[in-house]
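Let's take a walk through this structure together.

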Amino acid sequence: MPQPTMPYPTLDAYPTMPYPTMPYPTMPYPTLDAYVPKALADELLPKLAQAGERAEAIEASGGGRPVDPGQALRGMASALGSLGILDLVCRARDGGPREELSSTALCLARERLAYASPLLDLAFAMQGLGSYPISAKGDDAQRAANMPGVRSGARVAGFALTEPNAGTDLGGITTTARREGDHYVIDGAKCFISNAGIADVYTLFALTAPEAPERRLSAFILPADVDGLSVKKQRVLGGHPIGELKLRGVRLHASALLGREGDGMSAALGTLHRFRTTVGAAAVGLAQRALDEAVTHVKAREQFGAPLAELALVQARLATMAVDVTSARLMVFEAARVMDAGGDRAAVSRSASMAKLYATEAAQRVVDSAVQLLGGRGVLADGVVGRLYQEVRSLRIYEGTNDVHLTLVARDLLSRG
Ligand SMILES: Cc1cc2nc3c(=O)[nH]c(=O)nc-3n(C[C@H](O)[C@H](O)[C@H](O)COP(=O)(O)OP(=O)(O)OC[C@H]3O[C@@H](n4cnc5c(N)ncnc54)[C@H](O)[C@@H]3O)c2cc1C
């Protein structure tokens with residue numbers, strides 16, 4: 001394969017990057033110096049560790065009984081806000097540290113938060129996903145009414161795009177927003193909405209006046225307490241709070257429209273584009289946790305008079321897991337770097353699709369191997385590894401199924417000379 005025909009990233013960037021130092025003795029966490037600026041890591045890592053401790057305390061507060069995920073998530077969002085971690089999902093004009101969100105910072109945060117608790121990671125991710133269309137398209141009044149609460153964690157956000165007949169194919173959306181004087185009247189249904197019934201505010205996507213089909217989708221700010229909105233919980237694997245929204249004659253003032261009519265598709269796709277790589281980062285966090293749990297277990301567990309860790313097959317499995325985690329992390333932080341460097345959209349999309357796809361598939365393999373190494377203890381539904389096994393599956397489905405990302409990568413590959 002001679003270089004000129006290679007459509008994939010030239011490796012020019014690498015000689016200037018220090019080779020990643022990832023000495024195993026420093027596990028559970030490899031140093032991230034190679035990808036994350038030291039100042040950012042120094043600032044964020046202690047805060048992320050504190051958030052993890054608070055999440056553990058919240059999860060333990062049930063005294064052995066499962067805590068209500070809604071209440072727990074609210075507590076976690078508020079902990080993230082008080083530690084300043086939610087600043088990362090805000091642009092400078094809304095109190096965040098930079099003009100645009102830093103993909104590298106989001107990935108660093110999601111990896112560590114997911115390591116500590118998948119629910120904590122969800123609390124963080126949804127504040128970003130649910131509010132990004134508001135921060136991107138919202139006017140001063142819309143941002144002033146919502147972003148401070150998002151930033152403090154007091155106003156929990158949701159993102160309502162998927163419908164029973166519109167998952168991958170957004171062309172199937174049928175929820176409508178009909179203009180009546182100063183209001184829009186909204187009818188329809190959404191499903192698989194994370195934080196349904198917990199969120200205070202959703203970004204809702206609905207069809208407005210029938211213009212050209214690609215210009216019909218519009219985005220709205222939907223307060224959770226509006227008349228005509230009802231929620232039915234759904235149960236998915238793991239502790240992910242999720243549900244359906246039914247909208248029957250919901251009246252929203254025209255000031256709830258984000259941007260202009262027809263801006264919905266760009267708001268939805270722009271949000272997914274920004275957060276896709278961070279799903280890969282969450283996957284790396286789950287996988288690293290599974291690997292660490294497995295290492296601890298095989299050192300302690302004895303069979304045939306010796307620790308499992310002495311068996312060659314166990315060592316091979318651990319090494320394979322470590323290779324998966326490390327390569328996934330490299331792809332995620334490389335994709336984050338490409339996005340933060342403001343590369344062209346095709347390059348950013350390609351690396352984000354590849355990172356999301358690779359990291360979530362790798363995490364599935366790693367968590368499955370951890371289950372195997374723990375034996376029966378690996379499938380205890382309340383054990384750490386058993387819970388990771390339930391949580392990891394959904395990551396291959398949301399924010400673009402992995403099949404779709406395969407298709408996108410292939411399409412990009414074939415579109416080049
Ligand atoms: C835990 C979880 C949380 C979620 N949170 C949210 C949320 O907060 N907000 C929200 O709006 N949505 C959310 N979703 C919905 C999620 O985005 C959709 O489930 C996803 O887009 C897939 O849509 P679908 O489930 O309808 O599957 P379908 O689109 O029906 O796909 C089914 C299968 O067909 C394949 N397929 C479909 N089209 C193609 C194609 N063109 N090429 C190749 N294969 C294809 C898919 O890859 C998949 O394997 C969540 C989902 C889950 C599981």
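The paragraphs below go from confidence and domains to the ligand shell, and then to some individual residues.

The model is predicted, so to speak of local features a pLDDT of at least 70 is needed, side-chain atom pairs count only at pLDDT 80 or more, and totals for chains, interfaces and linings use all residues. Residues are numbered from 1 along each chain as its sequence is written. The average pLDDT of the protein (the predictor's confidence in each residue, from 0 to 100) is 91, and 90% of the residues score at least 70. Residues 11-28 are where pLDDT stays under 50. For this stretch the model has 15 contacts beyond four places in sequence, where a contact means that the C-beta atoms of two residues, placed from the backbone, lie within 7 Å.

Now for the domains, whose bounds come from an automatic or database domain assignment. Domain 1 covers 32-155, domain 2 covers 158-261 and domain 3 covers 266-414. The centres of domain 2 and domain 3, taken over C-alpha atoms, are 31 Å apart. Between these two domains, eleven residues of domain 2 are in contact with ten residues of domain 3. On the domain 2 side, seven of the touching residues are nonpolar, four are polar and none is charged. In these classes, Ala, Val, Leu, Ile, Met, Phe, Trp, Tyr, Cys and Pro count as nonpolar, Asp, Glu, Lys and Arg as charged, and the others, Gly among them, as polar.

Which domains each give at least three residues to the shell around the ligand? Domain 2 and domain 3 both do. The ligand is surrounded by 19 residues, and Leu161, Gly167, Thr168, Thr401 and Asp403 are the closest; a residue is near the molecule if its C-beta atom, placed from the backbone, lies within 6 Å of it. By class, the shell holds ten nonpolar residues, eight polar ones and one charged. At least two shell residues come from each of β1 (157-160), β3 (183-194) and α10 (402-414). Such helices (H or I, at least four residues) and strands (E, at least two) are DSSP runs, numbered from the N terminus.

Stay with β3 for a moment. Strand β2 (residues 176-180) runs antiparallel to β3, and five bridges join them; strands pair if DSSP finds at least two bridges between them. Arg179 stands opposite Tyr184 in β3. The two strands form a hairpin with two residues between them, and Gly181 in the turn has a positive phi of about 60 degrees.

Most residues other than glycine have a negative phi. Phe192, in strand β3, has a positive phi near 55 degrees. Asn195, in the loop between β3 and β4 (201-207), also has a positive phi, near 70 degrees. Are these residues buried or exposed? Phe192 is buried because 20 other C-beta atoms lie within 10 Å, and Asn195 is buried with 30 C-beta neighbours inside 10 Å. The cut-offs are 20 or more other C-beta atoms within 10 Å for buried, 12 or fewer for exposed, and partly exposed in between, with C-beta atoms placed from the backbone.

Finally, look at the helices. In α9 (residues 384-392), the buried residues are Val385, Arg387, Leu388, Tyr389, Glu391 and Val392. Their cover includes α4 (118-137), α6 (264-300) and α8 (345-374). Gly128 sits in α4 and is buried, with 24 other C-beta atoms within 10 Å. Beyond its neighbours within four places in sequence, Gly128 is in contact with Val89, Leu106 and Phe275.
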